Each structure stands twice: as structure tokens, then as C-alpha cells.
Amino acid sequence: MTPTLRTERLLLEPYIPEDEEGFIALFQDTRVSQWMGDGPASEAADRALFGRIFTKVYAQGLFDVWAVRRDGLLVGHAEIKPNDIVGGHEIVYALAPAAWGSGLGTELAEAIVAHGFDALGLTTVHATVAAPNQASLALLDRIGFEHVRDIKEEDGSTTRVLARRLTATDKGPNPIRSRYRRVNRGL
């Protein structure tokens, strides 16, 4: 079961059915969806994706997927999941444009990485980022991700594969761990 996590300003918790409209609004905003998966999708496809979070991801315990809230409002989406292309787990995160520019992206990414190291026992966490997405590349660089390789996509675009490896610093008290805490273990 996906655990609930808290950071200084964010609450990451499993989606509930009432989140559907907020999820659709987030994924239908092309400023956000241009950087997600294969890019913008139809509203019907995004509704089907939301449904699969419950019927497949949560029902089968495949990986952790969170609704990201600030002050009770849905402001984003986050995941950590296996990815065969990178050969490990990757983090996925998105924030609504109203939440941009205030450090929430860094806070969110740090929490997901810490969850991967602490709760999942990972030694490496990956991210895949479209090469033109300079904001996400800069954010990940700031929190210790390093460029691993590039993937040339069928449409000619480039996806950067980044990795953050567990270090001795990550094993003791550090800023990542101190900025989030696990609310429940989902056992």
C-alpha cells in the first residue's frame, strides 16, 4: 500500500476517487503534460489513467503513486516505479503551474528519493527527463542527480536518463530525510 509522506509544506497521500477532477485538470494542462510520458493526452485517456491507478496500480500493489497536496489542495502528482529502460526505479513528479517557483518541486523530488532509499531500500534512483525540460534538469542536478545517458526517441527527441546513487551521507541524518517523514507504513 502506498504510504503517506509529509514534507515541510506538502502531503503525499494515495489518491481518492474525489481527486479525479483535480488529476484531470493537472494532466490536461499542457504546461504540465508536455513533460509527462508521451506528452498531452485526451481527457478520456487521462480519465482512464486515473482509473488504472485504482484498478491496477493500487489493487495490485505495483508501485507508489501519490496525490500531492498543499494546504489541503491537490497541487501535484508523484510516483516511484520500476522502469526497465533505466534498469531500476524512477521518480515521476508534476506540480500545477500555480505551485511553480517556490521550491516545492525540490521538496517533492527530495521526498520521493528519500522514500526510495529508506522505505524501498534502493541504492540508485533514476529520473527520465525530456532534454528541453531545463527546469526539471536543473532541479535534479541540485539534489545530486547525474547524467547517465541519452535516449534518442522515435520522434527524434532526446530523453536524458539521470541517476542519484545512495551515499554514506544518505544513510545518516541529512536534509532529505529530515524534510519528510512517513506518516504510515501501509502495512
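A residue is called buried here when its relative accessible area is under 20%, exposed when it is over 50%, and partly exposed in between (1.4 Å probe, protein chains only). By that rule R69 is buried, with a relative accessible area of 9%. This is a predicted model, in which local features need pLDDT of at least 70 and side-chain atom pairs count only at pLDDT 80 or more, whereas totals for chains, interfaces and linings use all residues. Residues are numbered from 1 along each chain as its sequence is written, and side-chain values use heavy atoms, with hydrogens and water left out.

**Overall form**

- The chain contains 7 helices and 9 strands, which are DSSP runs numbered from the N terminus (helices: H or I, at least four residues; strands: E, at least two).
- For 187 residues, a compact globule would have a radius of gyration near 16 Å, and the chain agrees with this at 16 Å; the radius is taken over C-alpha atoms, and the globule rule is 2.2 Å times the number of residues to the power 0.38.
- The C-alpha trace spans about 45 × 40 × 35 Å along its principal axes, and buried residues make up 45% of the 187 residues.

**Salt bridges**

- The structure holds 9 salt bridges, each defined as a side-chain nitrogen of Lys or Arg within 4 Å of a carboxyl oxygen of Asp or Glu.
- R69 forms one of these with E13, and their closest N and O atoms are 2.4 Å apart.
- This pair links distant parts of the chain, since R69 belongs to strand β3 (residues 64–70) and E13 to strand β2 (residues 11–13), 56 residues apart; E13 is partly exposed at 22%.
- E20 pairs with R47, with the closest N and O atoms 3.0 Å apart; because E20 lies in helix α1 (residues 20–28) and R47 in helix α3 (residues 43–60), the pair ties together parts that are 27 residues apart in sequence.
- R47 also meets E21 in a salt bridge (3.0 Å, N to O), and E20, E21, E43 and R47 are linked in a network of salt bridges.

**Other sites**

- S33, in helix α2 (residues 30–33), counts as buried at 2% relative accessibility.
- The C-alpha atoms of S33 and V68 are separated by 16 Å, and the two residues are 35 apart along the chain.
- E153 lies in the loop between β7 (146–152) and β8 (158–165) and is partly exposed, with a relative accessible area of 32%.
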